[in-house]
Amino acid sequence: MGSTGKLQGSPWIWKDGDYVRWEDATVHVMSLAVQFAASVFEGIRCYETPNGPAVFRLHDHLKRLMTSSRTYRMQPAHTIAELSDATLATIRKNELTSCYVRPTVLRGFGAASMHPEQSPIETYIPMWPWGAYLGEGALEKGVDVCVSSWNRPAPNTIPSGAKSAGNYILSALMVMEADSHGYTEAIGLGPGGLVSEGSGQNLFMVVNGEVVTPILDGTSLSGITRHTVLKIAEELGLTVREQLVPREMLYGADEIFFTGTASEVTPIRSVDGLTVGEGRRGPVTERIQRRYLELARGEGPDPWGWVTYLG
């Protein structure tokens with residue numbers, strides 16, 4: 001299943017050291033997670049590999065989860081190592097060979113004010129089978145996107161570098177707007193009018209053979225897949241530039257692609273109705289995408305030790 005349609009969850013969710021049934025993993029309507037979006041999360045993929053199921057960049061995702069939790073003053077009572085073991089154990093318990101994992105830390109029911117001390121910190125690890133996030137064929141054919149009328153937040157308004165639930169209501173507005181105009185996804189500009197990121201993805205372009213991506217300026221997430229692609233591009237001998245990106249660069253780029261755990265490496269074939277390159281996955285995008293999927297699926301060398309097998 002892609003990003004649309006009713007979610008079919010796995011039978012078991014890990015909750016603070018115990019397992020609960022999917023349908024029993026509920027949160028009170030008066031929890032701070034519901035009232036004030038006091039929730040942070042991660043998106044992690046487990047792939048079926050020739051050596052069995054394996055999770056891609058598990059430690060890095062959980063480290064970022066801890067950083068997001070710390071930013072919002074709700075550090076869970078678990079270490080990264082404990083959450084790593086819990087993730088692998090829950091995949092095994094659900095008998096999954098590939099899946100999407102969404103560890104979540106939230107404030108539960110307690111306080112009804114902006115002072116959260118009386119609201120307990122709860123940690124969940126749900127997971128489910130998930131296919132191509134942007135739809136079947138998106139990785140090969142690419143997607144059509146628009147520049148959103150909704151801007152990404154300015155630095156020091158909300159912490160864009162933390163992966164919090166509250167940040168994603170803006171993402172939902174961007175996606176709904178794009179969908180209403182017949183596009184699959186949206187690109188957001190920062191408050192100064194420069195390109196920031198997609199609704200839930202970082203963005204790369206290929207310009208005159210060089211790989212270009214917007215700098216991390218406090219309006220976007222420091223994506224783990226973004227970092228992966230930067231390392232892959234370096235490995236492939238490509239020139240990479242992190243720079244300020246004005247909107248018009250999108251219209252003259254030879255190739256554009258999204259990166260993200262859910263989106264993986266997804267080509268963009270048009271922006272605002274203007275065809276990108278030849279309107280299909282370009283050669284540089286294909287090289288990076290092939291190496292990314294080879295690495296994540298355990299089908300090639302892993303010099304960085306990013307693949308964690310269930311064992």
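In the predicted model, helices α6 and α8 cross with a right-handed sense. Two packed helices are described by the angle between their axes and the distance between the axes. The axes of α6 (residues 224–235) and α8 (residues 283–296) approach to within 10 Å, and the crossing angle is roughly 115°. Because angles of 65 to 115 degrees count as roughly perpendicular, α6 is described as roughly perpendicular to α8. On the α6 side, the contact involves Thr-225, Thr-228, Val-229, Ile-232 and Glu-235, which meet Ile-288, Arg-291, Tyr-292 and Leu-295 of α8. By residue class, this contact of α6 with α8 comprises five nonpolar, two polar and two charged residues.

Strand β13 pairs with two strands, β16 and β14. The pairing with β16 (residues 255–260) is antiparallel and extends over five bridges, with Phe-204 positioned opposite Phe-257 of β16. The pairing with β14 (residues 210–214) is likewise antiparallel and extends over three bridges; here Val-211 of β14 is the bridge partner of Val-206. Two residues separate β13 from β14 in a hairpin, and Asn-208 in the turn adopts a positive phi of about 55°.

How values were computed
Residues numbered from 1 in each chain as written. Predicted model: local features only at pLDDT ≥ 70, side-chain atom pairs only at ≥ 80, totals over all residues. Heavy atoms only, no water. Pairing = 2+ DSSP bridges. Helix = DSSP H or I, 4+ residues; strand = E, 2+ residues; numbered from the N terminus. Axes fitted to C-alpha atoms, helices over the stretch in contact; angles between N-to-C directions. Parallel < 35°, antiparallel > 145°, perpendicular 65-115°, else oblique. Left-handed = near helix turned anticlockwise from the far one by under 90°. Contact = heavy atoms within 4.5 Å. Nonpolar A, V, L, I, M, F, W, Y, C, P; charged D, E, K, R; others polar.
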